[in-house]
Amino acid sequence: MLITDYFKLNERQAEQFVQLDALYRDWNSKINVISRKDIDHLYEHHVLHSLAIAKLLPFQPGTTIMDVGTGGGFPGIPLAILFPECEFLLIDSIGKKIKVASEVAQSLGLSNVVCKQERVEEEKQKFDFIVSRAVMPLPDLVKLVRKNISNKHRNAVPNGLVVLKGGDLQAEIAPFIKTAEVTPCSQWFESDWFKTKQVIYLPL
């Protein structure tokens, strides 16, 4: 399996990653959360892409993470499988998408995941990190999630925002040019698909 080329998994994690294919195919036939042509690239385009965050930032046990605009559960679900000792809140404003994320998490037995239908503006809890996958321009996201960042740090780097983005990011990161760290995913994953994909870490 593609994931084991890049990550050391225990038996339970390997099994959970294998289950993702059938679970997403089944749910996708009822509620379209991944484009039809993309479902065949689930592991590369969605699962491995989500795990780029783990390459950049291996979360310490006890870390709390909110996934904003999770859709069908990315990057939250792959990260929750990889970090069973961390706590994840997955939110999305679209009910049917959160239903898919919730059902997948339940089927996998992910007790470290809570899924909620809400807008990020409504969420009051504090987290160590906010993660997201191309949900909105960075300056807009920063405005919305700044209130949710805890000031207690438990990882090697300060708490903040970690987002997966593609394409030309110059304009988006311009306001944060002094603090944002941009890392190409191609540093970790060799497939051509990752050539334009990047992870942005922004301490907040």
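Residues are numbered from 1 along each chain as its sequence is written, and side-chain values use heavy atoms, without hydrogens or water. Because the model is predicted, local features need pLDDT of at least 70 and side-chain atom pairs count only at pLDDT 80 or more, whereas totals for chains, interfaces and linings use all residues.

Seven strands form an open sheet in the order 3-2-1-4-5-7-6, with mixed pairing. Strands (E, at least two residues) and helices (H or I, at least four) are DSSP runs, numbered from the N terminus. Two strands pair if DSSP finds at least two bridges between them. Strand 3 (113-117) and strand 6 (181-184) are the edge strands, each pairing on one side only. From one strand to the next, the twist averages 20°. Strand 5 and strand 7 (residues 197-203) run antiparallel and are joined by seven bridges. Opposite G166 stands K197 in strand 7.

Contact means heavy atoms within 4.5 Å. Axes are lines fitted to C-alpha atoms, for helices over the stretch in contact, and angles run from 0 to 180 degrees between N-to-C directions.

The largest pocket holds about 320 Å³ of space. Its lining has 21 residues, and the closest to its centre are G69, T70, F74, R133 and A134. Helix 2 (42-56) and strand 5 (160-166) are the elements that give two or more residues to the lining. A pocket is an open set of points on a 1 Å grid over the protein atoms alone, where a 1.4 Å probe fits, with protein on both sides within 12 Å along at least five of seven lines; lining residues have an atom within 4 Å of a point. The volume is the space filled by probe spheres set on the points, which are joined across faces, edges and corners.

Q60 is found in the loop between helix 2 and strand 1 (64-68). Q60 counts as partly exposed because its relative accessibility is 39%; the class lies between buried (under 20%) and exposed (over 50%), with a 1.4 Å probe and protein chains only. Not counting residues up to four places away in sequence, Q60 touches C86, R154 and N155.

H153 is in the loop between helix 5 and strand 5. At 47% relative accessibility, H153 is also partly exposed.
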